[in-house]
There are 4 protein chains.
Amino acid sequence: MPGYSGTKEDYARRLRRIEGQVRGIARMVDEDTYCIDVLTQISAVTKALQAVGIGLVEDHLGHCVVEAARSSEQEGQEKVTEATDAIARLVRS
Amino acid sequence: MPGYSGTKEDYARRLRRIEGQVRGIARMVDEDTYCIDVLTQISAVTKALQAVGIGLVEDHLGHCVVEAARSSEQEGQEKVTEATDAIARLVRS
Amino acid sequence: MPGYSGTKEDYARRLRRIEGQVRGIARMVDEDTYCIDVLTQISAVTKALQAVGIGLVEDHLGHCVVEAARSSEQEGQEKVTEATDAIARLVRS
Amino acid sequence: MPGYSGTKEDYARRLRRIEGQVRGIARMVDEDTYCIDVLTQISAVTKALQAVGIGLVEDHLGHCVVEAARSSEQEGQEKVTEATDAIARLVRS
């Protein structure tokens, strides 16, 4: 069971909001809104998405990684390597 | 008229795709998909959104900023200051 | 002549400060400073470097791009394409 | 003892290189190098600094966090909260 099940409703709500914001950006482009205003909205949605990502990182570390470390040092290390790769992709995106 | 009207269809198509990807992430969370896979998808969508933002920056510079500069040095400078603020928000997001 | 000559002293001062901060991070690692504190410092230096980059973008748009646009539409477009590639690298870094 | 002592030499070497690159950027500005080339170098140094940051995150998770988790569930959670804050700063920088 993944680590975020405790706050699934919260993630669902935030992602629905982000989905609506992306639809709003598409509407802005369709209605020839001034580019700068569209860009401001794109930055806001990017930040919201990254915040969801950081929340998932925290849940993953706090559940899967801690649990694996408590099971064995070796399992902990494997989960850390995997989590770091995902964090690196988030930092670079 | 904003600078991106030439490729409006293209932006519409890309934003619809991003909207679908965000909906896909919500579904992944709902179905208890492994956190790392959700994170990979969040990084991909963030990159896609930023690519749309960079496209809009190029269109804005190539249309509004160049046009303002051709009208007067002063107008060009004003548009540059405004564009730089938007670019700074994109870099920081 | 590149666009940033008006504030060369300012960039020199900021880059000297960043250089000192990087040396400080090396010292923190050498002295076994707690990782989290080193990470905080790395984030601060990254932000300072990006701020220098955004300043250079503004100077470049306000000098080279505006000047090229005032010379001809075609030259303006070429500078915009080149500047957008540099901005894209900054957003992705 | 912080988590990165195994590769301290490696971090020292990479940070010395980054320090030299920052000094090189200052020299480029001093010698009126074309802005776009300075920007390319700033993006490269930013990426190098973030790569050091990601390495420190991996070391920290693999040492401090795993160790804390193996000591007690509670200690593991505390280290995870602290590490996530540092990761969030890195993602936002």
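On a 1 Å grid over the protein atoms alone, a cavity is a set of points where a 1.4 Å probe fits but cannot get out, whereas a pocket is an open set with protein on both sides within 12 Å along at least five of seven lines; lining residues have an atom within 4 Å of a point. Grid points are joined across faces, edges and corners, and a volume is the space filled by probe spheres set on the points.

This is a predicted model, where local features need pLDDT of at least 70 and side-chain atom pairs count only at pLDDT 80 or more, while totals for chains, interfaces and linings use all residues. Residues are numbered from 1 along each chain as its sequence is written, chains are lettered from A and ligands numbered from 1 in the order in which they are written, and side-chain values use heavy atoms, with hydrogens and water left out.

Let's start inside. The structure has three cavities of 30 Å³ or more, and the largest cavity comes to about 60 Å³. Its lining takes 13 residues, with S93(A), S93(B), S93(C), V91(D) and S93(D) nearest the centre. Sorted by class, that lining holds four nonpolar, seven polar and two charged residues (Ala, Val, Leu, Ile, Met, Phe, Trp, Tyr, Cys and Pro count as nonpolar, Asp, Glu, Lys and Arg as charged, and the others, Gly among them, as polar). Helix α3 of chain B and α3 (73-92) of chain D each put at least two residues into the lining of the largest cavity; helices here are DSSP runs of H or I, at least four residues, numbered from the N terminus.

As for the largest pocket, about 150 Å³ of space lies in it. Helix α2 (residues 35-71) of chain A is the top contributor, with four residues. The pocket lining splits into two nonpolar, two polar and four charged residues.

**The two interfaces**

Now for the chain pairs, B with A and D with C. The table uses contact for heavy atoms within 4.5 Å, and buried area for the accessible area (1.4 Å probe) that two parts lose on being put together, summed over both.

| Pair | Residues in contact | Buried area | Share from carbon and sulfur |
|---|---|---|---|
| B and A | 45 from chain B, 45 from chain A | about 4000 Å² | 73% |
| D and C | 45 from chain D, 45 from chain C | about 4100 Å² | 73% |

Chains B and A share four salt bridges, each being a side-chain nitrogen of Lys or Arg within 4 Å of a carboxyl oxygen of Asp or Glu. One salt bridge joins K8(B) to D32(A), with the closest N and O atoms 3.2 Å apart. Twelve residue pairs, both at pLDDT 80 or more, are in polar contact between chain B and chain A. That term covers a pair of N or O atoms within 3.5 Å; within protein, one must be able to donate a hydrogen and the other to accept it, and residues adjacent in sequence count only if both atoms are side-chain atoms. On the side of chain B that touches chain A, α1 (8-30), α2 (35-71) and α3 (73-92) each supply at least two residues, and α2(B) gives the most, with 18.

Chains D and C also have four salt bridges. Among them, K8(C) pairs with D32(D), the closest N and O atoms being 3.2 Å apart.
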